Structures are given as C-alpha cells and as structure tokens.
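Please look over the sequence and the coordinates before reading on.

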Amino acid sequence: MAVRRRGLTRDIAVCGLFSALIAVGAFIKIVIPVGGDTMNFTLQWLFVLLAGLLLGGRRAFRSVMTYLLIGLAGFPVFARGGGPAYLIRPTFGFLLGFALAAYAIGAVCELFRSSRVVVCLLAATVGYVLYYGMGILYFYFITHVVVVTPNTVGWGAIFMIYCLPTMVPDYLLCILAVILAGQLRPVISQILD
C-alpha cells in the first residue's frame with residue numbers, strides 16, 4: 001500500500017511539474033499580427049512534446065488536462081488569460097490539440113517500446129498532425145456553428161492565417177524536443193521507477 005501511495009504521489013508531482021512547464025511556456029511567446037488580430041507562437045508546444053516523449057500517453061494526457069482545467073477554472077495560464085469563455089475562442093482547439101497530441105505521442109512511444117530518435121520523431125510528427133488537425137477543426141466549428149458571423153473564414157484561410165505562420169517553427173520544436181528528451185529520459189525514468 002505504501003509503495004502504491006508513493007507511486008501515486010510521484011505521478012501527481014511529475015504531472016504537476018509538466019502542467020506548470022506548459023503554463024510557463026504560454027508566457028514565452030512571440031506575438032504574430034494576423035489581419036486585425038494577433039496570434040502567439042509560444043513554447044507550450046515544446047513542453048507538451050516533452051510530456052508525451054517522457055511520461056507516456058496517460059501521464060502526458062493528465063498533465064495537459066490539468067493545465068487546461070486550471071486555465072478554464074479562471075487562472076490566467078493561457079497565452080491570453082483564462083476562464084470558461086476560452087471555450088468559445090476559435091483558437092481553443094489548439095489547446096485541446098495539446099491533450100490529444102500528448103496522449104498520442106506517449107502512446108506511439110509505448111507502442112514501439114523504444115526511445116530511439118526515429119521512433120520519437122515519428123511520435124512527435126503524429127502529435128504535430130493531431131495538434132494542428134484539432135486546432136483547424138475546432139476553429140471551423142466555432143466560427144461556423146457556434147459563433148456565426150458574416151465574415152467567417154473557410155478552411156483555406158484558417159490554414160493560411162492561423163496555422164502556416166507557426167507550422168515550421170512548431171516542427172522545429174518537435175526536433176528540439178526529441179533531442180532534449182534523449183538527454184532528460186534517464187533522469188525522468190529514475191524519478192518514475
């Protein structure tokens with residue numbers, strides 16, 4: 001029983017650490033003007049990637065969901081604040097994509113039972129596709145079903161305006177995360193074992 005309790009405490013601590021890192025990553029940002037609005041390139045994605053690569057699917061998912069729930073509860077941990085109103089922001093789908101991507105990255109690494117660079121890069125790429133896919137789908141859903149305005153944008157505009165400016169830097173973060181994960185894995189494995 002004591003061993004099980006220690007394992008649970010360790011899991012909570014590690015997931016909390018990654019939730020905090022994702023929150024800090026929201027404030028390390030570059031603001032990109034798009035039309036009459038702005039979007040942010042942040043380091044959140046780097047910490048989501050590291051969670052998936054180092055913690056496995058379930059722990060990574062819990063880390064991101066903890067971060068999302070804290071933000072939706074009203075704590076200003078998102079790049080533009082926090083609160084339940086964030087659910088109707090078209091870009092909230094990218095935050096939901098973090099959870100999906102973190103789980104998928106961890107699951108791919110667990111499936112192959114390998115921490116080789118090729119496997120980790122494949123996992124990061126799968127997460128990358130899911131992250132952007134969820135972001136685009138949610139953006140379209142919110143702007144075409146929930147908050148319909150006369151100036152709604154189509155699939156192409158969503159991709160060109162809200163995805164393309166950050167896709168290359170985000171993929172470079174995938175590569176950086178794979179390199180960092182290789183260095184951090186022995187430390188995290190020691191903590192989790």
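At roughly what angle do the axes of helix α3 and helix α4 cross? This is a predicted model, in which local features need pLDDT of at least 70 and side-chain atom pairs count only at pLDDT 80 or more, whereas totals for chains, interfaces and linings use all residues. Residues are numbered from 1 along each chain as its sequence is written, and side-chain values use heavy atoms, with hydrogens and water left out.

The axes of α3 (residues 57–72) and α4 (residues 92–112) cross at roughly 165° and come within 7 Å. Axes here are lines fitted to C-alpha atoms, for helices over the stretch in contact, with angles running from 0 to 180 degrees between N-to-C directions; helices are DSSP runs (H or I, at least four residues) and strands likewise (E, at least two), numbered from the N terminus. The pair α3 and α4 is therefore roughly antiparallel, a term for angles over 145 degrees.

| Helix pair | Axes come within | Crossing angle |
|---|---|---|
| α3 and α4 | 7 Å | roughly 165° |
| α4 and α5 | 7 Å | roughly 155° |

For the second pair, the angle makes α4 roughly antiparallel to α5. By class, the contact of α4 with α5 has 23 nonpolar, 4 polar and no charged residues, where Ala, Val, Leu, Ile, Met, Phe, Trp, Tyr, Cys and Pro count as nonpolar, Asp, Glu, Lys and Arg as charged, and the others, Gly among them, as polar.

Not counting residues up to four places away in sequence, Trp45 touches (heavy atoms within 4.5 Å) several residues, among them Phe98, Ile105, Tyr131 and Leu173.

Ser19, placed in helix α1 (residues 2–26), counts as buried at 5% relative accessibility, buried meaning under 20% relative accessible area with a 1.4 Å probe and protein chains only. With the neighbours up to four places away in sequence not counted, Ser19 touches Ser63, Thr66 and Tyr67.

Technical notes:
Parallel < 35°, antiparallel > 145°, perpendicular 65-115°, else oblique. Buried < 20%, exposed > 50% of the residue type's maximum accessible area, 1.4 Å probe, protein only.
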